[in-house]
Amino acid sequence: MNSHGAPHDPYLVGLDLRGRRVVVVGAGTVAQRRLPVLLAAGADVHVVAPEATPAVEATPGIVWHRRAYASGDLLGAWYVLAATNDPAVNAAVVAEAEAARTFCVRADLAREGTAVTPATVATDGLQVGVLASGDHRRSAAVRDAIRAVLTGDEAARPTRKPEGVALVGGGPGDPDLITVRGRALLGLADVVVADRLAPPRLLAELAPHVEVIDAAKVPYGRAMAQQAINQVLIDRAREGKFVVRLKGGDPYVFGRGFEELEALAAEGIPVTVVPGITSSIAAPAAAGIPVTHRGVTHEFVVVSGHVAPGHPDSLVDWDALGRLRGTIVVLMAVERLAVIAEALIAGGRPAQTPAAIVENATTGGQRTVRGTLASIAADAVAANVVPPAVLVVGPTAGFLAAQGS
Ligand code: SAH
């Protein structure tokens, strides 16, 4: 309880944070979960922390002050989050905010702050926030029930808590593009092990008691990163926790899902696989590009571009792909667009074939760059395209829907 004593209920309010400075002190998993929501509200987000999780570091649109918190950092802030793992620092942040009469959430000891974060659900232009006198499990459970009513997916909610590990496809980025089953399982998780491309707003909805592990940050010493991730899944499941391994897109499309399934199966741990909407189809679709079209393409091929054509590790027959007439979707290709386009042209694909790149599909930052197979690498450089993005090659990449993007 803060200095104001009696346990009054807090006053629920919606803040207009557009263009307003919000200071987040700390850049761990708690901050990681709040940032997408603050950014979605249009806030001018400043993060103060000497170190950040890879997911925070990769969050576009934040200003990261890479140093320890110092008194004065809250100057000009309208709203503050104290989210470090050091209680003394959090207390100092709350004290500075209090002196400046700025509302401040304290992540480790909610009652010591002057504001609390409700469990929220946002769907279809509606926002619902739930507070339950600090009982986070209750607020999350009520929020989940409200979401089930709003989205009509009550029938899909499992009644018993599942066991083991669920490998869940999180979809391409928009939090509404996870499956109903995936979302229900996420709502039951004790532990979530998330990839960088897992939709961040899904993590923001998790109750505070849920342990969120950033897969990119699992320490792996001499073991391979993938082995270390497998081990975390095994260890938490053995502790009796229900673990959701949340991936971007579909777990089996360049997601290493089957490696994790094998590792878990070898330990006798039950695994549920929940397919997801893959970016290889959804990213083109989000840009108005159908991967097939009757009378135009009778095939689409999804290729990984993470190894350059001609590289000894490459398993792709680029000459064969160059002979295709349908749609080619290349993932993980941003850094190798020029060599990939050259390989397809060398294999026989006409240089004037339409090509498009869709960046950050289905998120607020979605962009499409269009050109031809001959021009697309230079077009991407000119537009400063960065991952995640997909390359689409074929006649449908040139389609322009009447109201498309
Ligand atoms: N399992 C994922 C793919 C993992 S590989 C899936 O099924 O979608 C990672 C690649 O996916 C990225 O390099 C990019 O090519 C693509 N990707 C993932 N999310 C994307 C998005 N929102 N927009 C565009 N491309 C995306």
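**Figure 1. Residue classes in the lining of the second largest pocket.** In this predicted model, the lining of the second largest pocket is made up of 15 nonpolar, six polar and four charged residues. The volume of the second largest pocket is about 490 Å³. Its lining has 25 residues, and those closest to the centre of the pocket are Gly26, Ala27, Gly28, Thr84 and Asn85.

**Figure 2. Secondary structure and domains that supply the lining of the second largest pocket.** Two elements, α1 (29-40) and β10 (211-214), each supply at least two residues of this lining. The element that gives the most is β10, with three residues. At the level of domains, at least three lining residues come from domain 1 (21-117) and at least three from domain 2 (165-274).

**Figure 3. The division of the chain into domains.** The chain is divided into domain 1, which covers residues 21-117, domain 2, which covers residues 165-274, and domain 3, which covers residues 280-398. The centres of domain 1 and domain 3, taken over C-alpha atoms, are separated by 39 Å.

**Figure 4. The shell of residues around the ligand.** The ligand is surrounded by 17 residues, of which the closest are Pro172, Val253, Thr278, Ser279 and Ala389. By class, this shell contains eleven nonpolar residues, five polar residues and one charged residue. The ligand lies between domain 2 (165-274) and domain 3 (280-398), because both domains give residues to the shell around it.

Figure 5. Asp250 has a backbone N or O atom that lies 2.9 Å from a nitrogen atom of the ligand. For Ala361, a polar backbone atom is 2.9 Å from a nitrogen atom of the ligand. Ala389 has a polar backbone atom 2.7 Å from an oxygen atom of the ligand. Taken alone, the ligand exposes 540 Å², and the protein buries 92% of that area.

**Figure 6. The peptide bond between Pro387 and Pro388.** Pro387 and Pro388 are joined by a cis peptide bond, with omega at about 0°. Pro388 is located in the loop that runs between α12 (376-382) and β17 (389-393).

**Figure 7. The backbone at Arg101.** Arg101 is not a glycine, yet its phi is positive, at about 60°. The location of Arg101 is the loop between α3 (87-100) and β5 (103-106).

Technical notes:
Residues are numbered from 1 along each chain as its sequence is written. This is a predicted model: local features need pLDDT of at least 70, side-chain atom pairs count only at pLDDT 80 or more; totals for chains, interfaces and linings use all residues. Side-chain values use heavy atoms; hydrogens and water are left out. On a 1 Å grid over the protein atoms alone, a cavity is a set of points where a 1.4 Å probe fits but cannot get out, and a pocket is an open set with protein on both sides within 12 Å along at least five of seven lines; lining residues have an atom within 4 Å of a point. Grid points are joined across faces, edges and corners, and a volume is the space filled by probe spheres set on the points. Helices (H or I, at least four residues) and strands (E, at least two) are DSSP runs, numbered from the N terminus. Ala, Val, Leu, Ile, Met, Phe, Trp, Tyr, Cys and Pro count as nonpolar, Asp, Glu, Lys and Arg as charged, and the others, Gly among them, as polar. Domain bounds come from an automatic or database domain assignment. A residue is near a molecule or strand if one of its heavy atoms lies within 4 Å of it. A polar contact is a pair of N or O atoms within 3.5 Å; within protein, one must be able to donate a hydrogen and the other to accept it, and residues adjacent in sequence count only if both atoms are side-chain atoms. Accessible areas come from the Shrake-Rupley method with a 1.4 Å probe; for residues, only the protein chains shown count as cover.
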